[in-house]
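Visitor: I have a model on the screen and some questions about the words used for it. Please show it.

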Amino acid sequence: MKFDSLNDSVISRHDPLGRKGIFTHLGREAAAFSLPGRAPDWLNLPDSDSPESGGPRGFVPKRRFRSVFISDIHLGTRGCNAELLLDFLHAIECETLYLVGDIVDGWRLKKGWYWPDAHSEVVRRILKLAHRGTRVILIAGNHDEMLRHYAGMHFGGIETALEAVHVTADGRRLLVTHGDAFDGVVLYHRWLAFAGDKAYDLLLRANGWFNAARRVLKLPYWSLSAYLKHRVKNVVQFVCDFEEAVAHAARERGVDGVVCGHIHCAEIRRIGDIEYMNDGDWVESCTALVEDAHGTFTILDWAAEVRARKAGPAFQPAVPAINAEREPA
């Protein structure tokens with residue numbers, strides 16, 4: 001089986017296996033990636049934003065980080081902001097990239113097939129990063145839970161795991177987990193989680209219509225769904241309870257902190273003696289959690305950065321690029 005068969009079948013807009021069979025096929029293809037063979041030609045092509053290609057972003061220096069954490073991309077849904085994510089992935093370089101769950105939305109793909117070209121490009125970009133030396137670790141979430149059956153396997157240079165422990169540049173140990181194990185609705189009332197997913201999908205559709213109107217008016221992306229969610233009292237209380245539960249679990253595991261996703265609320269804060277960090281999502285807020293060469297963590301709001309970039313030449317990145325000579329050997 002050829003090395004690039006994943007590109008030919010799984011990330012195609014067509015589903016020759018039937019909608020319910022995609023994750024089973026993905027597992028078979030994962031094993032095939034471990035076999036010797038010729039890498040697909042596109043892995044070795046220069047990026048469209050690189051100086052060799054003469055692309056429009058060739059003059060922009062990449063932002064360099066020790067580690068990057070992203071989650072809740074929800075490829076396979078209309079709510080996924082794949083174009084913004086691609087812009088982010090082309091703008092950064094890192095030693096380790098953590099994909100902290102819900103990368104592909106299996107719940108939605110089982111109900112109806114949706115896979116535009118931009119979603120395939122996200123997968124290709126991640127595979128290209130892995131091919132060029134970035135360590136990529138995929139932590140399965142609840143929406144891509146079928147990938148949990150393949151924890152411990154490697155495909156396309158990507159490691160799969162149920163969770164991980166990340167050691168920061170200054171020696172702290174962080175538990176990396178998607179977070180759905182601490183969500184009582186997902187854990188004990190699965191039917192309610194699916195019902196909530198349907199309601200959330202309707203909210204995201206409204207968000208899509210809202211932003212389509214903004215594009216007609218030449219206005220940048222702004223998340224209506226995130227705005228409403230942060231103003232509903234019950235949602236705010238749920239987020240607080242979730243954060244406390246995750247921090248408690250990290251404390252019991254004997255680690256210094258935790259990185260998770262799941263609730264689509266980017267955050268860095270101390271809860272007692274535990275540093276709680278959530279990397280957000282690429283459906284509403286479009287955020288990433290990044291670590292610099294010295295172990296300092298920051299949340300990048302990429303939607304805000306793109307808005308500022310389009311506003312004028314005076315834009316300065318929220319987190320500057322890290323000079324190579326400052327990075328540890």
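Visitor: What makes glycine 295 stand out in the hairpin of S11 and S12?
Guide: Glycine 295 takes a positive phi near 90°. Five residues lie between the two strands of that hairpin. This is a predicted model, where local features need pLDDT of at least 70, side-chain atom pairs count only at pLDDT 80 or more, and totals for chains, interfaces and linings use all residues. Residues are numbered from 1 along each chain as its sequence is written, and side-chain values use heavy atoms, with hydrogens and water left out.

Visitor: How do you know that S11 and strand S12 (residues 297–301) pair?
Guide: Pairing requires that DSSP finds at least two bridges between two strands. Strands are DSSP E runs of at least two residues, numbered from the N terminus. Five bridges join S11 to S12, so they pair, and they run antiparallel. Valine 290 stands opposite threonine 298. Leucine 289 has isoleucine 299 as its bridge partner.

Visitor: What makes strand S1 (residues 63–70) a partner of S11?
Guide: Three bridges join S1 and S11 in the antiparallel sense. Serine 67 stands opposite glutamate 291.

Visitor: Why is strand S11 (residues 287–291) called largely enclosed?
Guide: Buried means under 20% relative accessible area, exposed over 50%, partly exposed in between (1.4 Å probe, protein chains only). Five of the five residues of S11 are buried, so the rest of the structure largely encloses this strand. Thr287, Leu289 and Glu291 point one way, Ala288 and Val290 the other.

Visitor: Why do they alternate?
Guide: In a regular strand, side chains alternate between the two faces of the sheet.

Conventions:
Helices (H or I, at least four residues) and strands (E, at least two) are DSSP runs, numbered from the N terminus.
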